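Okay, thanks for coming, everyone.

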Amino acid sequence: MRDARAPGGRASRDRPTHYQNPLSPCCPDPTALTQKAMAITTAPAQPLPEGSPRPLSLADRLFTLLSRVKPFGIDVFCTSKKYLIYNMVGRNLKVKYRRSILGLFWTLAHPLSMTAIYYFVFKVVLKVQMPHYLVFMLSGILTWGFFASSVSEGLESLVGNIGLLTKIPIPIQVFPFAGTLTNLSTWVFSLPILLGAAVISGTGMGWSIVSLPYFIVALFVMAYSLSVTLGIAFVYFRDLRHILNLILQAWFYATPVIYNADMIPPKYHWILFLNPVAKPITAVHGLFVDGRWPTDGEWIMTGVWAFALLLVALFTHKKFSGGLIENL
Amino acid sequence: MKTSEPSLNQRQPVISVRNVSKRFRFWDDRPTSFKTVLVNALRGNFEFGSKREFDALKDISFDIYPGEFVGIMGRNGAGKSTLMKLLAGIYQPSSGEIQVNGQIAPLIELGAGFHPELSGYENIFLNAAVLGFGRAATEEALPQILEFAELGEKIHMPIKNYSSGMLVRLGFSVATHLTAPVILIDEILAVGDLAFQQKCIAKVHELNKAGKTIVLITHSPDDVARHCGRCIVLNQAQKVFDDRASEGAEVYRRLFASV
């Protein structure tokens with residue numbers, strides 16, 4: 001160091017260690033205080049000793065709860081593979097958006113352009129009279145899109161990962177889980193657009209929007225369960241690819257996505273109870289367009305269907321996953 | 001391995017294979033008519049086409065103890081890879097029992113889960129996660145992985161631009177720096193250039209010296225004689241030899257000298 005004897009430098013160096021601020025004798029030297037503070041902030045974080053209680057956040061508690069759910073010994077929510085799921089979803093998103101200039105926009109472009117087309121057909125040509133029809137369709141198409149593309153991709157989630165499944169011991173449900181989670185994150189990215197459209201359009205959206213996560217989580221469980229079931233079935237029946245495309249096409253029109261459930265003649269309303277995704281979609285419509293709270297039927301049927309489909313997936317997994325890898 | 005430890009064979013085996021058989025079923029690809037399938041289904045028979053069975057492994061038993069370096073040899077189709085997948089837990093045995101004490105790292109393929117569009121650096125984390133390691137373990141091993149892979153600045157390039165040698169280096173580096181007490185290696189040493197092969201074998205030796213148990217599948221009796229302490233020879237789905245490596249290599253040579 002060069003001879004940097006700044007004025008006062010000597011004085012501060014010569015200062016006795018027990019120096020006290022003459023202005024307020026009870027207080028310690030302010031420079032010493034700063035140094036002390038510096039020492040505290042720059043000290044390496046002491047690692048918590050093994051097994052010491054750490055304050056648990058709500059997410060931690062939920063995670064611990066989910067990790068205990070192991071029907072038939074199946075780790076349904078892939079909690080033991082948390083880091084793998086994190087990496088796989090990250091990979092899916094990165095690969096999707098790398099090297100494309102508009103990136104994320106492309107994923108949203110599909111539902112947005114579909115909305116524009118349907119809006120033209122139904123509002124301009126067929127002159128459907130419904131308030132906030134754009135928000136209505138946008139919320140329906142984005143939510144249906146999350147479900148349908150998860151199921152469609154889930155069908156091939158096992159056969160498509162043959163290279164990994166035959167080389168590494170991985171629980172098979174990891175692939176449909178990561179796939180559905182990827183689609184869920186795309187839906188979450190589209191949420192600002194949806195909320196923005198609802199605000200600009202001046203819909204009745206209000207506090208009832210807090211019930212949205214229930215329906216999205218239920219749709220997630222449904223899509224994931226169907227992906228597991230269909231993914232396993234696809235190993236044995238390759239015809240399913242063609243059948244599923246047709247079914248999803250018909251299912252889209254059988255679900256009140258772009259039309260209102262009230263438009264269905266009352267004598268056919270029972271169909272809505274047989275369609276797992278009908279109730280969650282009408283509930284989502286209600287949240288964004290009218291701001292009404294979900295009806296009892298919507299709460300109950302959504303939960304019942306999610307649970308039922310999960311049970312089917314678990315039974316299929318339990319019965320057929322044993323010899324699956326060698327049949328891939 | 002190092003027989004300096006007298007209590008070697010009194011220890012608890014890390015892998016215990018008892019009377020294990022593996023039978024595969026094949027369905028002939030001959031297409032059956034929809035009518036036949038339907039009639040069979042109505043009779044409660046949900047099998048399509050004619051079924052053939054084939055034994056990949058018959059009544060195999062052995063124990064592997066901590067710290068051993070075991071070579072498994074056999075011709076193509078002798079059941080080596082099936083045995084490996086059974087040990088790794090990818091297949092379930094048709095009969096018999098396999099007991100594994102502790103964690104196993106199966107290296108059946110290098111760079112499992114690599115994605116061509118992602119950089120080498122990103123693929124390290126992906127590969128590690130696929131192999132079952134968490135973030136903390138990966139980050140701890142990261143400097144050594146990077147150093148061993150010798151990729152320099154190229155580590156941030158998408159791996160689709162890598163040469164096959166570079167890919168192998170990266171995959172091997174991840175696989176050997178994130179390991180479990182038991183490592184299963186399936187013919188992955190026969191890749192890369194000669195210098196790197198030697199580096200790999202040296203690395204495997206180093207791991208073994210550090211106390212890891214190694215099970216190595218190979219076609220080369222020379223490799224087995226040079227590196228392994230013990231050798232298991234499989235022939236036509238059965239175990240025909242299980243003893244010292246140098247003798248095993250001889251058995252293998254004699255068995256297949258005529259072909």
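Before we start, a polar contact here is a pair of N or O atoms within 3.5 Å, and within protein one of them must be able to donate a hydrogen and the other to accept it. Keep in mind that this is a predicted model. With that rule, three residue pairs are in polar contact across the interface of chain A and chain B, with both residues at pLDDT 80 or more.

So which elements of chain A give two or more residues to the side that touches chain B? They're helix H4 (82-97), helix H7 (162-165) and helix H14 (324-327). H4(A) has the largest share, with eight residues. By type, the chain A side splits into 12 nonpolar, five polar and seven charged residues.

Now the overall contact: 24 residues come from chain A and 33 residues from chain B. Together the two chains bury about 2300 Å², and 63% of that is on carbon and sulfur atoms. On the chain A side, Tyr83(A), Lys167(A) and Glu326(A) supply 28% of the buried area, more than any other three residues.

There are also three salt bridges across the interface. If you zoom in on Lys94(A), its side chain meets that of Glu122(B) in a salt bridge, at 3.2 Å from N to O.

Last thing, backbone angles. Most residues other than glycine have a negative phi. Lys127(A), though, has a positive phi near 55°. Lys127(A) sits in the loop between helices H5 and H6 of chain A, and counts as exposed because its relative accessibility is 55%. Over in chain B, Asn19(B) has a positive phi too, near 45°, and this one is in strand S1. At 42% relative accessibility, Asn19(B) counts as partly exposed.

Definitions and conventions: Residues are numbered from 1 along each chain as its sequence is written. Chains are lettered from A and ligands numbered from 1 in the order in which they are written. This is a predicted model: local features need pLDDT of at least 70, side-chain atom pairs count only at pLDDT 80 or more; totals for chains, interfaces and linings use all residues. Side-chain values use heavy atoms; hydrogens and water are left out. Contact means heavy atoms within 4.5 Å. Buried area is the accessible area (1.4 Å probe) that two parts lose on being put together, summed over both. A salt bridge is a side-chain nitrogen of Lys or Arg within 4 Å of a carboxyl oxygen of Asp or Glu. A polar contact is a pair of N or O atoms within 3.5 Å; within protein, one must be able to donate a hydrogen and the other to accept it, and residues adjacent in sequence count only if both atoms are side-chain atoms. Helices (H or I, at least four residues) and strands (E, at least two) are DSSP runs, numbered from the N terminus. Ala, Val, Leu, Ile, Met, Phe, Trp, Tyr, Cys and Pro count as nonpolar, Asp, Glu, Lys and Arg as charged, and the others, Gly among them, as polar. Buried means under 20% relative accessible area, exposed over 50%, partly exposed in between (1.4 Å probe, protein chains only).
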